[in-house]
Amino acid sequence: MLEFYLFFGHRTLLGARKRMKRAREDDEDEHLVQADGVATNGVHKEGAALPGFSYADEDEEDEHVTSEPKGSWTGSTLPVRRRQDTEVRRDCPYLDTVNRQVLDFDFEKFCSVSLSNLNVYACLVCGKYFQGRGRNSHAYTHSLEASHHVFINLITEKVYCLPDGYEVNDPSLDDIRHVLYPRFTRQQVEELDRNKQWARALDGSDYLPGMVGLNNIKETDFVNVTIQCLMRVTPLRDFFLIPENYQMCKSVLVHRFGELTRKIWHPRNFKGQVSPHEFLQAVMVASKKRFRIGVQSDPVEFMSWFLNTLHADLGGTKKPNSSVIYKCFQGELEVTKEFQSKNLLDRKEDVDKPPGEEDKISDSLEREISKMPFLMLGLDLPPPPLFKDVMEKNIIPQVPLFNILKKFDGESVTEVVRPQLARMRYRVTRLPQYMILHMRRFTKNNFFIEKNPTLVNFPVKNLELKDYIPLPAPKRNEKLRSKYDLIANIVHDGKPGEGSYRVFVQRKSEEIWYEMQDLHVAETLPQMVALSEAYMQIYEQQGGSQ
């Protein structure tokens, strides 16, 4: 009988242990399921937690495992979880080991050992990422092996000392929190375009907030120039500098773009450049690998896709001003389409009709007039000359911007082949606050891609549209604002299908132009902007950004 009770007690003990193990696994699985979908705590299915959301540390961090005897007859113990409040201390003897030179929060928040994105900490001594801070976690093990003791949670921004486990509350760490998640007040945002001060990085180099270089992560210059252009669009920039404006949005792309915007304009960065790695990962997922690292793409295609995707993710509709994207870039065209409609008038059923007699067909000209919104206007360049000059050098043709803008005067005819042969006329019926122009330099034939080298002569300031294309009369008590200033100009260098992109942008606080190509940022003259092979431009309506 004693042996039966010992055997039964042993089976009961093993069953209890198995049930506790399954419970722990179920708890972990439940947490992973929440992380796989869009959970209320802000963790998105693609991985990292979204900024603007916060959640408490996992239970395994705030609890520790203790032992409590479960029956003296076996002499064994069972682990029992008990909640303990984390001690908060201001004095930590290891704060002098924090090395800000190695901290880089531009990359995805994944544990360097487990590659998990759940509950990740950054070691403030070596800069590496580790998961968890419990006794069996990678961060705890790293603290013992490397004797690194200060860690920051990449979501809650709380700092802990390991292996002791207490929280460190010291104001000297606030600069690290600001680099991890830059933050702006509305007053700071309003003063950005009036601020002329330079900022200083940790290495002593000076940089201009908003004019920082972007790392080219293998053929990603088409993204870099697009981002630098959008950073000059004041309402768009101001919207994404304040996370409260889109905190309820569940799109990872929206939040990653907001993070990148705040890092570019942050005056307290540890270095004078930013790596758009997290943003590029979000772009690759959202575009279903249409735009990806390592493959050169067209900034015009990327700009079009990106603006439309942001508009949809922000809850925008087809109505004007339904999102910050449409408020900035949406205009309207009146499109007149003329095409031939063939009608069969006389069809003879007689099979034995005389040779040469055919069915009678009449051609009638049909016209359709419709209104079409636009975010970007495509301009057609005249074909380059086929011959060389007397010096046996290629002739580089030039064309005024106003000549190619006549496409939108409502009278010039543009012939299209698809979906059917038709004659199109375009007329601008509503001007956008920011106008994006695209010069069609590349044409694709059956064999290769050709590049049109024609230079476009354009004004950097005071582009007056009403002098060249008819514009609608303004509404009552409104003034027609048809004068624009250039704020960004993208240029392509090299052969078609290859080459690289650079961009000229203007800093509003001083009205100085800068040339930017990945990490290269240099002041330039406005005359150099006008001499470049413009590919895509953004013009700002005068008096339209207030």
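In what order do the six strands of the open sheet lie? The legends below take up this question after an overview of the model.

**Figure 1. Overview of the predicted model.** This is a predicted model, in which local features need pLDDT of at least 70 and side-chain atom pairs count only at pLDDT 80 or more, whereas totals for chains, interfaces and linings use all residues. Residues are numbered from 1 along each chain as its sequence is written, and side-chain values use heavy atoms, with hydrogens and water left out. The mean pLDDT (the predictor's confidence in each residue, from 0 to 100) is 80, and 78% of the residues reach 70 or more. Residues 1-14 have a pLDDT below 50; beyond near neighbours in sequence, this stretch has three contacts in the model. A contact means heavy atoms within 4.5 Å. The pLDDT is also below 50 over residues 344-348, a stretch with 10 contacts beyond near neighbours in sequence.

The protein contains 13 helices and 28 strands. Helices (H or I, at least four residues) and strands (E, at least two) are DSSP runs, numbered from the N terminus. Of the 546 residues, 46% are buried. Buried means under 20% relative accessible area, exposed means over 50%, and partly exposed lies in between (1.4 Å probe, protein chains only). Among contacts with a separation of 6 or more, 64% are between residues 24 or more positions apart. The protein exposes about 29900 Å², and carbon and sulfur atoms supply 50% of this area. Accessible areas come from the Shrake-Rupley method with a 1.4 Å probe; for residues, only the protein chains shown count as cover.

**Figure 2. The six-stranded open sheet.** The order of the strands is β3-β8-β7-β6-β4-β5, with mixed pairing. Two strands pair if DSSP finds at least two bridges between them. At the edges are β3 (88-89) and β5 (129-131), each of which pairs on one side only. Within the sheet, β4 (residues 120-123) pairs with β6 (residues 150-153) in the antiparallel sense over three bridges. C123 has F151 of β6 opposite it.

Figure 3. Strand β25 (residues 500-507) is largely enclosed by the rest of the structure, because seven of its eight residues are buried. With β24 (residues 483-493), β25 makes an antiparallel pairing over six bridges, in which H492 stands opposite Y501. Six residues separate β24 and β25 in this hairpin, and G494 in the turn has a positive phi of about 110 degrees. On to β26 (residues 512-517), β25 pairs over five bridges, again in the antiparallel sense. F504 has E515 of β26 as its bridge partner. This hairpin has four residues between its strands, and E511 in the turn has a positive phi of about 55 degrees.

**Figure 4. The β17-β18 hairpin.** Strands β17 (residues 414-416) and β18 (residues 422-430) run antiparallel and are joined by three bridges. One of the paired positions is T414, whose bridge partner in β18 is M424. Five residues lie between the two strands of the hairpin.

**Figure 5. Helix α9 and its surroundings.** Eight of the 10 residues of α9 (residues 277-286) are buried, and the helix is mostly covered. The buried residues are H277, E278, F279, L280, Q281, A282, V283 and M284. They pack against α6 (221-230), α8 (252-265) and α10 (299-313). K288 follows α9 and has a positive phi, near 55 degrees.

Figure 6. Y468 lies in the loop between β23 (463-464) and β24. Its relative accessible area is 36%, so Y468 counts as partly exposed. Y468 touches F402 and D409, not counting residues up to four places away in sequence. K406 is 62 residues from Y468 in sequence, with a C-alpha to C-alpha distance of 7.0 Å.

**Figure 7. A nonpolar surface patch.** L525, M528 and L531 form a nonpolar patch with about 320 Å² of accessible area together. Patches are made of residues with over 30% relative accessible area and no salt bridge: like charges are joined within 9 Å, nonpolar side chains (Val, Leu, Ile, Met, Phe, Trp, Tyr) within 5 Å. A salt bridge is a side-chain nitrogen of Lys or Arg within 4 Å of a carboxyl oxygen of Asp or Glu. L531 sits in the loop between α13 (526-530) and β28 (534-541). L531 counts as exposed because its relative accessibility is 59%.
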